[in-house]
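Here is a friendly briefing to read with the structure open beside you.

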Amino acid sequence: MLNGPLATLGEGSTVSGLTTWSEDNLEAVRKGWILTGETITELAQRIARHPDNASRLSAELLQKSITHFNRAAQSGFDEQFDRDPSTLEPIAQAPFYAMPVSIDVPHMGAGLKTDRNKQVLRWDNTPIEGLYAAGETAPVSQFVHDRGGHLSECLVFGRHVGRIAAAIPKRGRQ
């Protein structure tokens with residue numbers, strides 16, 4: 001908790017200037033933004049009650065994850081996520097902390113211009129035959145990039161484009 005603030009609310013943040021994040025994070029604990037527990041089970045119970053959890057995390061699963069992480073910290077090798085060994089420190093001393101994290105901080109971005117079917121357009125707004133784009137490459141909200149939220153666009157429009165592409169008659173080699 002004393003290594004510095006857990007959140008950055010600088011340039012590009014949707015909450016920049018709307019909240020203060022203390023250096024020691026204790027204000028966020030008081031406000032309930034950071035959950036605490038004296039045991040892993042207690043922390044897991046608080047996480048389970050959090051509305052963002054939606055019953056996805058149990059005390060058993062959290063303990064299993066921490067056991068796996070602690071083994072990686074002791075060996076100095078994280079086979080699961082390939083973390084830098086200098087960032088591996090066992091999770092063993094109470095209190096324990098958790099914080100809901102969401103991807104919702106926009107910053108400037110751009111992409112290819114497309115029509116409503118996500119077909120890429122030339123500079124004169126005519127479609128390029130057979131060229132489609134979805135997700136971060138051609139975001140619905142041009143010049144707003146939300147650090148991962150375009151994944152949902154990619155899935156939705158990727159499926160849409162896939163259907164269009166599958167309906168295009170085959171040409172050339174058979």
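In this predicted model, the buried residues of helix H2 pack against strand E1 (35-37), helix H3 (59-75) and strand E2 (96-98).

**Helix H2 and its buried side**
- Helix H2 spans residues 40-49, and its buried residues are Ile-40, Leu-43, Ala-44 and Ile-47.
- These four lie on the same side of H2, because they cover an arc of only 100° around the axis.
- As background, an α-helix has 3.6 residues a turn, so residues three or four places apart point the same way.

**Helix H3, one face in and one face out**
- H3 is built from 17 residues and runs 24 Å from its first C-alpha to its last, close to the 24 Å expected at 1.5 Å a residue.
- Buried in H3 are Leu-62, Ile-66, Phe-69, Asn-70, Ala-72 and Ala-73.
- Looking down the axis of H3, you will find these buried residues within an arc of 160°, so they line one face of the helix.
- H2 is included in what covers the buried residues of H3.
- After H3 comes Gly-76, which has a positive phi, near 80°.

**Salt bridges**
- How many salt bridges does a search of the whole structure find? There are two.
- One joins Glu-27 to Arg-30, with the closest N and O atoms 3.1 Å apart.
- Both of these residues sit in helix H1 (residues 26-30), three residues apart, or about one turn of the helix.
- Glu-27 is partly exposed at 29% relative accessible area, whereas Arg-30 counts as exposed at 61%.
- Another links the side chains of Arg-46 and Glu-42, at 3.1 Å from N to O.
- Arg-46 and Glu-42 are separated by about one helical turn, because they are four residues apart in helix H2.
- Arg-46 is partly exposed, with 31% relative accessible area, and Glu-42 is partly exposed as well, with 25%.

**Gln-119, a buried polar residue**
- Gln-119 belongs to strand E3 (residues 119-121).
- Is Gln-119 buried or exposed? Its relative accessible area is 14%, so Gln-119 is buried.
- The Gln-119 side chain reaches the backbone oxygen of Ile-128 at 3.0 Å.
- Beyond its neighbours within four places in sequence, Gln-119 is in contact with several residues, including Lys-113, Thr-114, Pro-127, Leu-131 and Tyr-132.

How values were computed
Residues are numbered from 1 along each chain as its sequence is written. This is a predicted model: local features need pLDDT of at least 70, side-chain atom pairs count only at pLDDT 80 or more; totals for chains, interfaces and linings use all residues. Side-chain values use heavy atoms; hydrogens and water are left out. Helices (H or I, at least four residues) and strands (E, at least two) are DSSP runs, numbered from the N terminus. Buried means under 20% relative accessible area, exposed over 50%, partly exposed in between (1.4 Å probe, protein chains only). A polar contact is a pair of N or O atoms within 3.5 Å; within protein, one must be able to donate a hydrogen and the other to accept it, and residues adjacent in sequence count only if both atoms are side-chain atoms. Contact means heavy atoms within 4.5 Å. The arc is that of the directions from the helix axis to the C-beta atoms. The expected span of a helix is 1.5 Å times one less than its number of residues. A salt bridge is a side-chain nitrogen of Lys or Arg within 4 Å of a carboxyl oxygen of Asp or Glu.
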